[in-house]
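Open the model in your viewer and keep the selection tool ready. The tour goes from the whole chain to single residues.

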Amino acid sequence: MKESLKNLADIFYMKILTPSTPINIQWVNKIFRDIGIRDESIEKIAELNAPLSREVWYYSFIKAEEEGKLDVYLTRIAEVTGFEENEKIREYLQTLNLYYKDGVFRRRVFKMVVLVSGRGTNLQAIIDAIKERKIDGKIVAVISNRKKAYALERAKREGIPIYYLPARKNETREDYDRRLNEIIEPLNPDLIVLAGFLRILSPWFVNKYRNKIINIHPALLPSFAGLYGEHVHKAVLEYGCKVSGCTVHFVDDKVDHGPIIIQKCVEVKDDDTVESLAARVLEREHESLVEAIQLLSQGKIKIEGRKVIRL
Ligand code: GRF
């Protein structure tokens, strides 16, 4: 059970132990039905009129969370028990992507914009993780500077809004980024993910979205910075490295440079080709990107200088 979910359940459990609250297993059963959660275990325990033990209480929280109804469930509980937020509780709520306002718990949607230029396997990894509920968030736009990027097809298939934004002749980086921002700003994303976006962002853009842009690089930074695609793997092989890997990092105003969130290694084998190495690294990329987004969306990351501390 997620620690913050358990802590939150405990806070309310202490409140329901007081004789003045009418919360018992029948109450939970009724609320579950009201809010559209059908659960046989809760129904059975209610039929037996069994006491509302801590374990059953925890279970109801897990169930509500799994059903995506924790916000509604908490609101109903708080109507009966009252609720006072403090710093600690706000942290638990944030981890669960919830917030409390005017007597109501709400689900905070973690909004992402994904920038792409190519085939979009990393984009697909994010899409899949959202579907599998590994990431609690939403991709609100996929933007490509290349018309033929297969990533756009992937997004379209999922009903995600897509934008094709080609660079104009003689346009500066900043001019392009200002046009990019015209799409992004109204969407107010929590995170901008560079998933194979083959453009360098201007300092103007990077500063505007400081600590809100992440990039995935197919090598262990700071080695092999500034290279992309197969050039990276070719350079790794030519150098004779015995390990390679990938890096998910925040974007700052130097290329492939910002604070590192996650790195994963792969072995470089003696008979590796650019393709075989790239394929092995790519698997790690997908995992790393998903893990980084999980951490960020749950507010579990603190940046101290160059260091990213995982909370
Ligand atoms: C990945 O190798 C990523 O590390 C790099 O660009 C590639 C994008 O691949 N930045 P895909 O388009 O996500 O399949």
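Each stop below says what to select and what is there.

**Stop 1: the whole protein**

Show everything as a cartoon. This is a predicted model. Along the principal axes, the C-alpha atoms fill a box of roughly 70 × 45 × 40 Å. The cartoon shows 12 helices and 11 strands. Of the 311 residues in the protein, 49% are buried. The accessible surface is about 16,000 Å², and carbon and sulfur atoms contribute 50% of that. Contacts come next. Among those with a separation of 6 or more, 65% join residues 24 or more positions apart.

**Stop 2: the loop between α1 and α2**

Select threonine 21, which sits in the loop between α1 and α2. Is threonine 21 buried or exposed? Its relative accessible area is 12%, so it counts as buried, the limit being under 20%. Show its side chain and look for two backbone oxygens. The backbone oxygen of isoleucine 16 is 3.2 Å from a polar atom of the threonine 21 side chain. The backbone oxygen of threonine 18 is reached by that side chain, also at 3.2 Å. Leaving out residues up to four places away in sequence, threonine 21 touches Lys15, Ile16, Val80 and Thr81.

**Stop 3: helix α4**

Select residues 54-66, which form helix α4. The helix has 13 residues. From first C-alpha to last it reaches 18 Å, close to the 18 Å expected at 1.5 Å a residue. Colour its buried residues: Val56, Trp57, Tyr58, Ser60, Phe61, Lys63, Ala64 and Glu65. What covers them? Step just past the end of α4 to glycine 68, where phi is positive, at about 70°.

**Stop 4: the ligand**

Which residues are around the ligand? They are Arg119, Gly120, Thr121, Asn122, Gly196, Ile216, His217, Pro218 and Glu285.

- From arginine 119, a polar side-chain atom lies 2.6 Å from an oxygen atom of the ligand.
- From threonine 121, an N or O atom in the side chain is 2.6 Å from an oxygen atom of the ligand.
- From isoleucine 216, a polar backbone atom is 2.8 Å from a nitrogen atom of the ligand.

Now check the cover. The ligand taken alone exposes 360 Å², and the protein buries 87% of that.

**Stop 5: helix α7**

Just after α7, arginine 133 takes a positive phi of about 60°.

**Stop 6: strand β9**

Valine 266 is in strand β9 (residues 260-267). At 5% relative accessibility, valine 266 counts as buried. Setting aside residues up to four places away in sequence, valine 266 touches Lys242, Val243, Ser244, Gly245, Leu277, Arg280, Val281 and Arg284.

**Stop 7: the cysteines**

Finish by selecting the cysteine sulfurs. How many disulfides are there? The count is 0. Start with cysteine 241, which is in no disulfide. The nearest cysteine sulfur to it belongs to cysteine 265 and is 11 Å away. A disulfide needs sulfurs within 2.5 Å, so that distance rules one out. Move to cysteine 265. The nearest cysteine sulfur to cysteine 265 is that of cysteine 246, at 8.6 Å, and cysteine 265 is in no disulfide either. Compare how open the two sites are. Cysteine 241 is buried, at 19% relative accessible area, whereas cysteine 265 counts as exposed, at 51%.

Key:
Residues numbered from 1 in each chain as written. Predicted model: local features only at pLDDT ≥ 70, side-chain atom pairs only at ≥ 80, totals over all residues. Heavy atoms only, no water. Helix = DSSP H or I, 4+ residues; strand = E, 2+ residues; numbered from the N terminus. Expected span 1.5 Å × (residues − 1). Buried < 20%, exposed > 50% of the residue type's maximum accessible area, 1.4 Å probe, protein only. Polar contact = N/O pair within 3.5 Å; in protein donor to acceptor, adjacent residues only side chain to side chain. Contact = heavy atoms within 4.5 Å. Near = heavy atom within 4 Å. Areas by Shrake-Rupley, 256 points an atom, 1.4 Å probe, with all protein chains shown as cover.
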